[in-house]
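Here's a fold to pick apart, one question at a time. Have a look first, then we'll get into it.

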Amino acid sequence: MKSLSANAKDLAQAHRRSDPETTVIKFFPAPRANEILLLEVSKSAPTTGEVLPFGFPSDPTNGVDYRSTVILLSPQEWQEVQSGKMALPPEWDLAAAEDL
(Lines give C-alpha, C1' and ligand atoms only; values in the text may rest on other atoms or scores of the structure.)
Protein backbone atom coordinates (compact mmCIF):
# COMPACT_ATOMS: atom_id res chain seq x y z
CA MET A 1 0.00 0.00 0.00
CA LYS A 2 1.39 3.39 -1.02
CA SER A 3 1.63 6.29 1.39
CA LEU A 4 -1.02 9.00 1.48
CA SER A 5 1.43 11.44 -0.09
CA ALA A 6 2.34 9.04 -2.92
CA ASN A 7 -1.33 8.41 -3.65
CA ALA A 8 -1.98 12.17 -3.68
CA LYS A 9 0.83 12.68 -6.22
CA ASP A 10 -0.54 9.89 -8.41
CA LEU A 11 -4.04 11.41 -8.32
CA ALA A 12 -2.66 14.85 -9.15
CA GLN A 13 -0.81 13.46 -12.17
CA ALA A 14 -3.93 11.62 -13.35
CA HIS A 15 -6.05 14.75 -12.96
CA ARG A 16 -3.54 16.84 -14.92
CA ARG A 17 -3.56 14.25 -17.70
CA SER A 18 -7.36 14.25 -17.88
CA ASP A 19 -7.59 18.06 -17.65
CA PRO A 20 -4.54 19.78 -19.18
CA GLU A 21 -6.01 23.15 -18.21
CA THR A 22 -5.30 22.41 -14.54
CA THR A 23 -2.86 25.07 -13.39
CA VAL A 24 -2.62 24.48 -9.62
CA ILE A 25 -2.96 21.42 -7.41
CA LYS A 26 -2.54 21.71 -3.64
CA PHE A 27 -2.32 18.74 -1.27
CA PHE A 28 -3.40 19.20 2.34
CA PRO A 29 -1.53 16.45 4.24
CA ALA A 30 -2.27 17.10 7.89
CA PRO A 31 -6.04 17.24 8.59
CA ARG A 32 -7.00 13.62 8.06
CA ALA A 33 -4.47 10.80 8.16
CA ASN A 34 -6.62 8.49 6.03
CA GLU A 35 -7.97 10.89 3.39
CA ILE A 36 -6.41 12.75 0.49
CA LEU A 37 -7.46 16.40 0.32
CA LEU A 38 -6.75 18.15 -3.00
CA LEU A 39 -7.56 21.63 -4.22
CA GLU A 40 -7.38 21.97 -7.99
CA VAL A 41 -7.56 25.07 -10.15
CA SER A 42 -8.56 24.62 -13.78
CA LYS A 43 -9.27 27.02 -16.60
CA SER A 44 -11.98 24.57 -17.68
CA ALA A 45 -13.83 24.80 -14.34
CA PRO A 46 -16.94 26.97 -14.28
CA THR A 47 -17.03 29.92 -11.89
CA THR A 48 -19.81 29.12 -9.41
CA GLY A 49 -18.84 31.41 -6.54
CA GLU A 50 -18.86 28.43 -4.17
CA VAL A 51 -16.25 26.19 -2.61
CA LEU A 52 -17.71 22.70 -2.92
CA PRO A 53 -15.72 19.67 -1.73
CA PHE A 54 -16.51 16.45 -3.62
CA GLY A 55 -15.78 13.14 -1.89
CA PHE A 56 -14.66 9.93 -3.59
CA PRO A 57 -14.20 6.44 -2.12
CA SER A 58 -10.89 4.64 -2.19
CA ASP A 59 -10.28 2.52 -5.29
CA PRO A 60 -7.48 0.04 -4.52
CA THR A 61 -7.93 -1.83 -7.81
CA ASN A 62 -6.85 1.39 -9.57
CA GLY A 63 -4.07 2.22 -7.11
CA VAL A 64 -5.99 4.68 -4.91
CA ASP A 65 -5.74 3.33 -1.38
CA TYR A 66 -7.42 6.24 0.41
CA ARG A 67 -10.65 8.19 0.22
CA SER A 68 -10.21 11.57 -1.43
CA THR A 69 -11.92 14.92 -1.33
CA VAL A 70 -11.34 17.40 -4.14
CA ILE A 71 -12.23 21.07 -4.41
CA LEU A 72 -12.23 22.30 -8.01
CA LEU A 73 -11.95 26.05 -8.54
CA SER A 74 -11.82 28.35 -11.53
CA PRO A 75 -8.85 30.76 -11.72
CA GLN A 76 -11.15 33.60 -10.61
CA GLU A 77 -12.31 31.63 -7.55
CA TRP A 78 -8.69 30.75 -6.75
CA GLN A 79 -7.81 34.45 -6.74
CA GLU A 80 -10.74 35.07 -4.38
CA VAL A 81 -9.54 32.31 -2.03
CA GLN A 82 -6.01 33.72 -2.07
CA SER A 83 -7.27 37.24 -1.32
CA GLY A 84 -9.55 36.03 1.49
CA LYS A 85 -12.81 36.86 -0.28
CA MET A 86 -13.75 33.16 -0.41
CA ALA A 87 -12.96 30.71 2.37
CA LEU A 88 -11.88 27.10 2.23
CA PRO A 89 -13.34 24.63 4.73
CA PRO A 90 -11.75 25.02 8.20
CA GLU A 91 -9.40 22.01 7.92
CA TRP A 92 -7.98 23.20 4.59
CA ASP A 93 -5.01 25.35 5.69
CA LEU A 94 -3.25 26.88 2.66
CA ALA A 95 -0.14 27.56 4.75
CA ALA A 96 0.28 23.80 5.27
CA ALA A 97 -0.60 22.78 1.71
CA GLU A 98 1.96 21.29 -0.66
CA ASP A 99 2.16 22.10 -4.36
CA LEU A 100 1.84 19.03 -6.55
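This is a predicted model: local features need pLDDT of at least 70, side-chain atom pairs count only at pLDDT 80 or more; totals for chains, interfaces and linings use all residues.

Q: Which residues make the nonpolar surface patch of about 300 Å²?
A: A residue needs over 30% relative accessible area to join a patch, and Leu 52 has 38%. The patch is made by Leu 52, Phe 54 and Phe 56.

Q: Which residue of strand 4 stands opposite Phe 56?
A: Strand 3 covers residues 53–56 and pairs with strand 4 in the antiparallel sense over four bridges. Within that pairing, Gly 55 stands opposite Thr 69. For Phe 56, the residue opposite is Ser 68.

Q: In what sense do strand 2 and strand 4 pair, parallel or antiparallel?
A: Strands of a sheet pair through backbone hydrogen bonds, and either sense can occur. Here strand 2 (residues 35–42) and strand 4 share seven bridges, and Val 41 has Leu 73 as its bridge partner. The sense is parallel.

Q: What is the order of the strands in the open sheet?
A: The sheet has five strands with mixed pairing. Its edge strands are strand 3 and strand 5, each pairing on one side only. Read across, the order is 3-4-2-1-5.

Q: How many residues of strand 4 are buried?
A: Strand 4 spans residues 67–73 and is mostly covered. Arg 67 is partly exposed at 41% relative accessible area. Of the seven residues in strand 4, the buried count is five.

Q: What arc do the buried residues Leu 4, Asn 7, Ala 8, Leu 11 and Ala 12 cover around the axis of helix 1?
A: Helix 1 runs over residues 4–18 and reaches 21 Å from its first C-alpha to its last, close to the 21 Å expected. Leu 4, Asn 7, Ala 8, Leu 11 and Ala 12 are buried there. They lie on the same side of helix 1 because their arc is only 140°.

Q: How many salt bridges does a search of the whole structure find?
A: One of them joins Asp 10 and Lys 2, with the closest N and O atoms 2.4 Å apart. Asp 10 is partly exposed at 28%, and Lys 2 is partly exposed at 42%. Searching the whole structure gives a total of three.

Q: What is the relative accessible area of Glu 35?
A: Glu 35 in strand 2 and Arg 67 in strand 4 are 32 residues apart, and their side chains meet in a salt bridge at 3.2 Å, N to O. Glu 35 is buried, with a relative accessible area of 6%.

Notes
Residues are numbered from 1 along each chain as its sequence is written. Side-chain values use heavy atoms; hydrogens and water are left out. Buried means under 20% relative accessible area, exposed over 50%, partly exposed in between (1.4 Å probe, protein chains only). Helices (H or I, at least four residues) and strands (E, at least two) are DSSP runs, numbered from the N terminus. Two strands pair if DSSP finds at least two bridges between them. Patches are made of residues with over 30% relative accessible area and no salt bridge: like charges are joined within 9 Å, nonpolar side chains (Val, Leu, Ile, Met, Phe, Trp, Tyr) within 5 Å. Accessible areas come from the Shrake-Rupley method with a 1.4 Å probe; for residues, only the protein chains shown count as cover. A salt bridge is a side-chain nitrogen of Lys or Arg within 4 Å of a carboxyl oxygen of Asp or Glu. The expected span of a helix is 1.5 Å times one less than its number of residues. The arc is that of the directions from the helix axis to the C-beta atoms.
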